[in-house]
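Please open the structure in your viewer and keep the selection tool at hand. This tour moves from the whole chain to a few places inside it.

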Amino acid sequence: MITSALPASREERRATRSSDDSITAWALAARRGDADAVERLVRALHRDVQRYVAHLCADPQAVDDLAQDTFLRALGSLHRFEGRCSARSWLLSIARRAVVDSFRHAATRPRLSDVPDWLPAAERAQSPHTPGFDDGVALLDLLTALPAERREAFVVTQLLGLPYAEAAVLSGCPVGTVRSRVARARATLLNLLTEADRASAV
């Protein structure tokens, strides 16, 4: 069962939303030149940016680079952040553009690998003793079964705790569409979990 990797509870999402006010305040303070606020902003959102980028890009080895690129872009354009949306939404929209730009760049340049089969190398790089490792892998496997739009809507609202309105702005679609995508993603994931439970019981 992958309960430890399932979406955050309602209380956890509520706490995330209340922390968004603090994070946005840090972004505004960082805009005014507060170095401590910059550090707090990066620490508060680093994991969310990495998770979001990991779900958008197909290359697990590129996640750290794309997260770093996101923060470099964000800090470079911090003077334009006015707090009209949460700093989390603003940063995730920058992360999305960084991933899209990386796809465009990769399309013009084929990537070479010095490892004949990258999958075993990637598996060896992960620690199997990390708490929740198997659960996280199982959830990632289930998420890959979802269409890209549903996966993105599910990740940003259910795993990262973004409000539906901000997820809609991030995705460039109406709020109702985001809600529909999340509902369909949940239904698909529930069916997949039920099938997996039946298979393991046999």
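Predicted model: local features only at pLDDT ≥ 70, side-chain atom pairs only at ≥ 80, totals over all residues.

Residues are numbered from 1 along each chain as its sequence is written, and side-chain values use heavy atoms, with hydrogens and water left out.

**The whole chain.** Begin with a cartoon view, where the protein shows nine helices and zero strands; here helices (H or I, at least four residues) and strands (E, at least two) are DSSP runs, numbered from the N terminus. Of the 202 residues, 35% are buried, where buried means under 20% relative accessible area, exposed over 50%, and partly exposed in between (1.4 Å probe, protein chains only).

**The core.** Now select Val49, Val53, Leu91 and Val178, which are the residues with the most contacts inside the largest nonpolar core, a group of 46 residues. Such a core is a set of buried Ala, Val, Leu, Ile, Met, Phe, Trp, Tyr and Cys residues joined through side-chain atoms within 4.5 Å. The largest share of this core, seven residues, comes from H4. Centre the view on Val53 and, leaving aside residues up to four places away in sequence, you will find that Val53 touches Val63, Leu66, Thr70, Ala95 and Val99, a contact meaning heavy atoms within 4.5 Å.

**Two helices.** Which residues of H7 meet H8? Select Glu152, Val156, Thr157 and Gln158 in H7, and then Tyr164, Ala167, Leu170 and Ser171 in H8, which they meet. The axes of these two helices come within 10 Å and cross at roughly 145°, with axes being lines fitted to C-alpha atoms over the stretch in contact, and angles running from 0 to 180 degrees between N-to-C directions.

**A loop residue.** Finally, select Ser77, which lies in the loop between H3 and H4. Is Ser77 buried or exposed? Ser77 counts as buried because its relative accessible area is 11%. Show its surroundings as well: not counting residues up to four places away in sequence, Ser77 touches Trp90 and Ile94.
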